[in-house]
Amino acid sequence: MKEYMVAMEVSGPTAMWTRPDTGDAPVSYPAPTYGAVKGLFECILWSQWAEVVPIKVEICRPVVYHTYTTNYGGPLRKSEVRKKGAGYQLLATVLTNVCYRLCANVNSDPGGYHHHGRPGKQTVGTTNGAHAYKEVFERRMRRGQFFSTPFLGWKEFVPDYVGPLREESQVCAEIDLVIPSMLRTCFPDGNRSEYNPVYVQNVKIERGILYYAK
């Protein structure tokens, strides 16, 4: 079966790929998770007839951490804090000045609805969902059209660039890291599945490139 590949570049002043094991003072992974990359592609185009399968991410700027503080008013506050209508300061360790080149395969999903996503007007219906996805995705990316607003981990971290690969963006080949345990996805069987986080051990970033396990 013919493979269809899509690629895009994203950059921004701040990103947060949260490590779940860092608790109430979260710290970012040095690179986006499999699920985050999948979500970025689907922000450009989501289709019930195709599945995006991330292959790799190329890190194009040095990994730089920065302390970030924000006021949290969400449901994870203590009950007495919620009753008062108060919030608390959330301390996080985020990445700054990030740039990534993302690459993924696209597989046809003739049954539809099986994989991550939700029904919407911007779907692709065809006998070859993967081919159609690639064509529509690349056209929408050139035009700057989105299915939903892309974000870099947390929704307040909006990219300053989303589009085709740029010649001036080069991989930081000096980056060599091993991530002992990295979240892959929270819903491995798609949007209709139960919450069931999957982790991958000893994930390597070699010469600035992280390849996602198949």
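Is Y212 buried or exposed? Y212 is buried, with a relative accessible area of 10%; a residue counts as buried under 20% relative accessible area, as exposed over 50% and as partly exposed in between, with a 1.4 Å probe and protein chains only.

This report describes a predicted model, in which local features need pLDDT of at least 70 and side-chain atom pairs count only at pLDDT 80 or more, while totals for chains, interfaces and linings use all residues. Residues are numbered from 1 along each chain as its sequence is written, and side-chain values use heavy atoms, with hydrogens and water left out.

## Aromatic rings

A pair of aromatic rings is described by the distance of the centres and the angle of the planes. Rings of Phe, Tyr and Trp (its six-membered ring) pair if their centres lie within 6.5 Å; planes under 30 degrees apart count as stacked, over 60 as edge-to-face and the rest as tilted. By this rule the model holds 9 aromatic pairs. In one of them, the centres of the Y34 and Y212 rings are 5.9 Å apart and the planes stand at 80°, so the pair is edge-to-face. This pair joins distant parts of the chain, 178 residues apart: Y34 belongs to helix α1 (residues 34–44), and Y212 to the segment after β8 (209–211). Helices (H or I, at least four residues) and strands (E, at least two) are DSSP runs, numbered from the N terminus. Y34 also counts as buried, at 9% relative accessibility.

A further pair is formed by F41 and F137, whose ring centres are 5.6 Å apart with planes at 40°, so the pair is tilted. Here too distant parts of the chain are linked, since F41 lies in helix α1 and F137 in helix α3 (residues 129–143), 96 residues apart. F41 is buried with a relative accessible area of 0%, and F137 is buried with a value of 0%. Ring pairs connect F41, Y133 and F137 into a cluster.

A charge sits over a ring if NZ of Lys or CZ of Arg is within 6 Å of the ring centre and within 35 degrees of the ring normal.

| Arginine | Ring | Distance from ring centre |
|---|---|---|
| R166 | Y161 | 3.8 Å |
| R184 | Y34 | 3.7 Å |

## Helix α1

What surrounds helix α1? Its buried residues pack against β1 (4–15), β2, β4, α3, β5 and β6, where contact means heavy atoms within 4.5 Å. Of the 11 residues of α1, 8 are buried, so the helix is largely enclosed by the rest of the structure. These buried residues are Y34, V37, K38, L40, F41, E42, C43 and I44.

## Pocket and cavity

Rolling a probe the size of a water molecule over the atoms shows where empty space is left. On a 1 Å grid over the protein atoms alone, a cavity is a set of points where a 1.4 Å probe fits but cannot get out, and a pocket is an open set with protein on both sides within 12 Å along at least five of seven lines; lining residues have an atom within 4 Å of a point. Grid points are joined across faces, edges and corners, and a volume is the space filled by probe spheres set on the points.

The second largest pocket holds about 310 Å³ of space. It is lined by 19 residues, of which E3, V53, N105, V106 and N107 are the closest to its centre. The elements giving two or more residues to this lining are β2 (50–59) and β4 (88–108), and β4 supplies the largest share, 4 residues.

The whole structure contains 2 cavities of 30 Å³ or more. The largest cavity has a volume of about 60 Å³, and its lining includes P30, I59, R61 and C99. Strand β4 gives the most to this lining, with 5 residues.

## The loop residue Q170

Q170 lies in the loop between β5 (161–163) and β6 (177–185). It is partly exposed, with a relative accessible area of 48%. Leaving aside its neighbours within four places in sequence, Q170 is in contact with I59 and C60. Q170 and C99 are 71 residues apart in sequence and 9.5 Å apart in space, C-alpha to C-alpha.
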